[in-house]
Amino acid sequence: MHNRFDPTLTPGRSGTASMKWDGRKTKFGQEVLPLWVADMDFPAPPCVSRAIQERAEHPIYGYPFFSSEVKRAVCQWYENWHGWHVAMDQVSIMRGVVPALYTAVSALSNPGDGVIVMTPVYPHLLKAVEAHGRRLFASSLLETEQGYQVNWPELEKMMPRARLLLLCSPHNPVGRVWSQTELAYLIKLARQHDVVIVSDEVHGDLAYPSMGPHRPLGSLPGTETGVMTLLSAGKSFNIAGLELAIGVTTDAKLKRRFDEALRIGGLSEANLFALVAAEAGWRGAAPWLRELVDYLADTAQWLKGALHSAVPEIGYEPPEFGYLAWLDCRECGLDDSELQHRMVNVAGLGLNSGIDFGPGGEGFMRLNFGTSRSILMEAISRLQKAFERQDLGFQ
Ligand SMILES: Cc1ncc(COP(=O)(O)O)c(C=O)c1O
């Protein structure tokens, strides 16, 4: 398939200070095929690279300014991409979604307060709670025939004792784009019990259109107060290394508390090149992103057939967004350290262990398919060899 995501057109990443490629030996102890940390092996949109190059031509790199033009570009993006009207004075800028999560926990709850997180989940949601000495209320998502679902009875029990809920929407790593009905019920529960919701929507722009739209939490009724939506261009345009995130809330009091905490933590600014790149992407990269999302949705489906015929004992349902596959390896009959050992030392693959995502991750691995099909084919052939049935004692 010859398109802009073809490997023959994409540059190699070794030697570019890439965590995924250059950091693989440190992480896995050897030069595995890296399918772990969540960035893609595809170049950023051309308009983004061009904007960075043009700005780099000017040799003074002093402190940047979050101008009205950039704010306008953010608001226009959310209006166009998600049909969400965001006013410029509702927008805060910060150095990344991860710093924003830690800031949210410290600013919007007190030591000892209960913070709800649904697991398995992107590890920083859990770490942010623990790092600030809050009580972690981990609610395991339910595995059903229709995919992962919120455990509503458990959540209803936790809500009266909680102060804050950190939501991952869409949900990494289980691949769900929460429906409007699910989000509306969550908002209703949170309102009833005065629980603030901070919604990490870093993958929101990458929802597959065929799976129903991603609804930014702050775009829904009932979120006028007590809701902070965290957004980013990092995953959308593959510029995570530049570090920038956006917070949106209509709750002026919440915004003041959050902005003040960001300021005290030295996090209330963004990198010069991040601003330049994100603005260029928000203004000009919608056609590129549409093409990317279609390509990823296609790869997610393709992976199902390829994995099923090569390694039928590994379960996988395509996600509803992005490039993260959640592989159910429980049928392989290995414990988590044996599983990781087999992936790294037998298959030569670097995946994320499911247990790093908290309760419910046992027996799973997360595979990043934001790379070329040729790398994925190589990965599948390695998986096939490493998980041959006789190896597992099934014969
Ligand atoms: C759910 C989620 N939140 C946040 C991040 C990281 O955000 P940032 O790079 O803006 O700190 C990731 C990266 O993988 C993620 O998956």
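The structure holds 16 salt bridges, a salt bridge being a side-chain nitrogen of Lys or Arg within 4 Å of a carboxyl oxygen of Asp or Glu. Side chains of opposite charge can pair when their charged atoms come close. The model is predicted: local features need pLDDT of at least 70, side-chain atom pairs count only at pLDDT 80 or more, and totals for chains, interfaces and linings use all residues. Residues are numbered from 1 along each chain as its sequence is written, and side-chain values use heavy atoms, without hydrogens and water.

Helices (H or I, at least four residues) and strands (E, at least two) are DSSP runs, numbered from the N terminus. Both Arg176 and Glu320 are buried. Buried means under 20% relative accessible area, exposed over 50%, and partly exposed in between (1.4 Å probe, protein chains only).

A salt bridge also joins the side chains of Asp328 and Arg330, at 2.8 Å from N to O. Arg330 is partly exposed, at 40% relative accessibility.

In helix α13 (residues 373-386), Glu378 and Arg382 are four residues apart, so about one helical turn separates them. Their side chains meet in a salt bridge of 2.7 Å, N to O. Glu378 is partly exposed, with a relative accessible area of 35%. Arg382 is partly exposed at 25% relative accessibility. Elsewhere, salt bridges that share partners join Arg13, Lys20, Asp39 and Asp41 into one network.
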